[in-house]
Structures are given as C-alpha cells and as structure tokens.
Amino acid sequence: MADGLTGLPVRDRVDVLEAIAALRVSGEPVAAAGVRALADPRLRELVEATLVREGRILLGVQGNVYAIGYADEIAAALAVRGIGILEPVDRAVLCLALLHTVAIPRARSRGRAGDTWHEGERVPIAQVIGQYHGRGLTKETVEHAIARLKHLGLLRMGHDVSPGPVLLRLTPRRRAELWEDLVLICAPTSSRARHIREQRGTEAA
Amino acid sequence: VDDVALSIAALECGHGELLSPTPEAIAERAAESGRMLATGRWGSYLALTADGVAGADVVAGPVELSDHPLCVVGIVLRTVMHESVAAPPPGAGPVRVDEVSRELARRGRDGGRSLVGSLRLLERLGLLTWDRASQEVRVAAGLAAQPASLFDVLERSEPTDG
C-alpha cells in the first residue's frame, strides 16, 4: 500500500480507492458531491498523491467536478514509444472535427471563451466529410474514423460531430499545444506561428 | 520520467508488454490504488482487486445482467477464451457482431434488435467495446476487472443449444 495510505483508517482508505476507481472508469467527469474523498480536501490530496505515482494527475474541471489525465511527461514518453496514440487518419479527422466544432465557432466569438476543447458546436458529419473530397480519403474512411473517435470518447456519440468528454482529460499544457498546432496548420506563415516554432525550438534545445 | 508510472500508464493504454521496471515494482505500485498486475496469453494487464471493484461499483452500479446481455457476454468470452469462461484481458478479441448474432440464434435468442440493445448496455457498463465501423466486439477493462463471481454465474448460466 502507498506510504500515503498506510495507517489511514479503513474507511478513509476505501474512500480514496473508490474515488480513484470512479475517476478511472467514468466516461464523464466525477462530481465531488457523491464521492467523499473528492469532497474532503485532506483525502483529495491523498487521491492526487496516489494518482501521481501512476503517472496520472487530478484535474479540476469546473467547481467541484474532477477528471484525471496523464501527466505531461508521461504522455510525452508514451507518445515517443508509439503507445496510446491515434492512427494518422483518425488524428486528421479529429483535427478537422475540432476545427469545425470548437476553433472556428470560438474565433467567431460563439460559445465559451478560453482554451478548453470539450465544448463546441454540433456540426453535421457531411460537413467534415466534405472537407476531404478529392484529397485521397473516401467517405467510408472518414465515417469509420469518426466512429472510432466517438468510441474513444474524443467525439460525442450521436448523429452529428461534436467534441467528446475525453478532451476534458487534457492538461492545460496539452490544451495549449493543440491550439498552437492549429495555428501552425492554419496560418503557418503568421508571426504567431513563427513565435510558436521559435519557442518550441528553444524548449527542445 | 518515473519508469514504474510510465509502465502502468502503458498498460492502461493497452500495451501488453512491460516496460523497463521489474514486474514486482509495477505490481507493488498498482496495488496502491487497488489494482493487480496479471499476465495471460495476451500479455500483461491491470485488473481491479476487491477494493478497486468496490470503487468501480460507485459509478457503474453492481453489474446485474438480464438473460440476453448475459448470454452475449458468455458468447464473447467463450470465443475469445477458447471455451473457457474465465476473466479475460482487456482488449481481448475481436469477435464479429454477426458471429455473436449467429450464436444467439443458434441458442434460440434474438440476434437482431435485442443484440443491439444488449451491446449498447454492455458498452455503457464498460464490459465490452463495440466498434461500429468494423462491427467487432472486444472485452473492455470493466469485464476483465469483474470479480470471479460474475464468471461463476456465466459458467452456470451458459445455455446449451436451443
């Protein structure tokens, strides 16, 4: 048992484990109201400490609602090893879906401000598929990619395309990097894109 | 990077091979949050221990399946575990939906509309995954983590032909 949990009263230890299991298995963020170890700051610290030892972090979504994500350095190390990453076609379709459901509406001052990716507009699947006409991907390929992304929770289930709850699990740094990636793709010659490239070059050096 | 944490994260992502740390180190760390390291024919994976299962019930509710979804789970398990109804590794499969449908029909159960309902329920409970694009079903982490009692029920309730 973890150092942090050793010596805890049985009820506290069980509550901490329950909170971790709830965060792990729930497809949606977990409200602290129904989970004692998330509502109690002392126990919540133990939840956080236990998660850190598994490469996870506790993310406050809004108010007293929580989700878990992978720590940035763990996510980066997994990606380098090719573990848990999306296939290129799924990545491309996700990028396009987020562009239409989150980035473009937000650029036009519609919906929630900020850097989050989990809330956006619903757009018809045809709108996403239409972007790929003549670019070597068939309608079926894009539809299958959308189905896989919905299954993973990166897009919401339903007839239309909209961002899914798994995007709540992105850390602030990952969220920012996604926005930066969009700038690099959509406006590669802009001064903002140059600044991002310089900044990333410096960090990599 | 903490190698043990990285190994646990990799296992969560379905990577069946252990990364650099020893299995003992991974098992010890996993136990801290109510999980155990298990190794089967498909590689290594993490399963909830009794403590962890108690926690999972908070969200999912106790898994009490009616006859049809229970039968679907039994068919999938028997297919992926080669006739043995035992705890499978997460991701085991795939089993084609039309194959499940045929097996249901062979056992006198609806392999059409009810199958869709059962698959949706099992997916929502985190027991199976259902890829609509390929029409394939796989074992989800929730099923791999169920206590032995569920598999005992399946063993007893698994119907024979008709």
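Chain A of this predicted model has nine helices and three strands, where helices (H or I, at least four residues) and strands (E, at least two) are DSSP runs numbered from the N terminus. The order of the elements from the N terminus is α-β-α-α-β-β-α-α-α-α-α-α. Residues are numbered from 1 along each chain as its sequence is written, and chains are lettered from A in the order in which they are written. Local features need pLDDT of at least 70, side-chain atom pairs count only at pLDDT 80 or more, totals for chains, interfaces and linings use all residues, and side-chain values use heavy atoms, without hydrogens and water.

Chain A has 205 residues, of which 41% count as buried (under 20% relative accessible area; exposed is over 50% and partly exposed in between, with a 1.4 Å probe and protein chains only). Its accessible surface is about 10,600 Å², and carbon and sulfur atoms account for 55% of that; the areas come from the Shrake-Rupley method with a 1.4 Å probe. Of the contacts in chain A between residues at least 6 apart in sequence, 53% join residues at least 24 apart, contact meaning heavy atoms within 4.5 Å.

Two helix pairs are tabulated here. Axes are lines fitted to C-alpha atoms over the stretch in contact, and angles run from 0 to 180 degrees between N-to-C directions.

| Helix pair | Angle | Axis distance |
|---|---|---|
| Helix 5 (residues 88–107) of chain A and helix 7 (residues 139–151) of chain A | about 85° | 9 Å |
| Helix 4 (residues 72–80) of chain A and helix 1 (residues 3–12) of chain B | about 65° | 10 Å |

At about 85°, helix 5 of chain A is roughly perpendicular to helix 7 of chain A (65 to 115 degrees). Helix 5 contributes A:Val89, A:Asp90, A:Val93 and A:Leu94 to the contact, and helix 7 contributes A:Thr141, A:Val142, A:Ala145, A:Ile146, A:Arg148 and A:Leu149. These residues divide into seven nonpolar, one polar and two charged (Ala, Val, Leu, Ile, Met, Phe, Trp, Tyr, Cys and Pro count as nonpolar, Asp, Glu, Lys and Arg as charged, and the others, Gly among them, as polar).

A:Asp90, in helix 5 of chain A, is buried, with a relative accessible area of 4%. Beyond its neighbours within four places in sequence, A:Asp90 is in contact with A:Ala145, A:Arg148 and A:Leu149.

Between the chains, helix 4 of chain A passes helix 1 of chain B in a right-handed crossing (the near helix is turned clockwise from the far one by less than a right angle). A:Ile74, A:Ala77 and A:Leu78 meet B:Ala5, B:Leu6, B:Ala9 and B:Ala10 there.

Definitions and conventions: Parallel < 35°, antiparallel > 145°, perpendicular 65-115°, else oblique.
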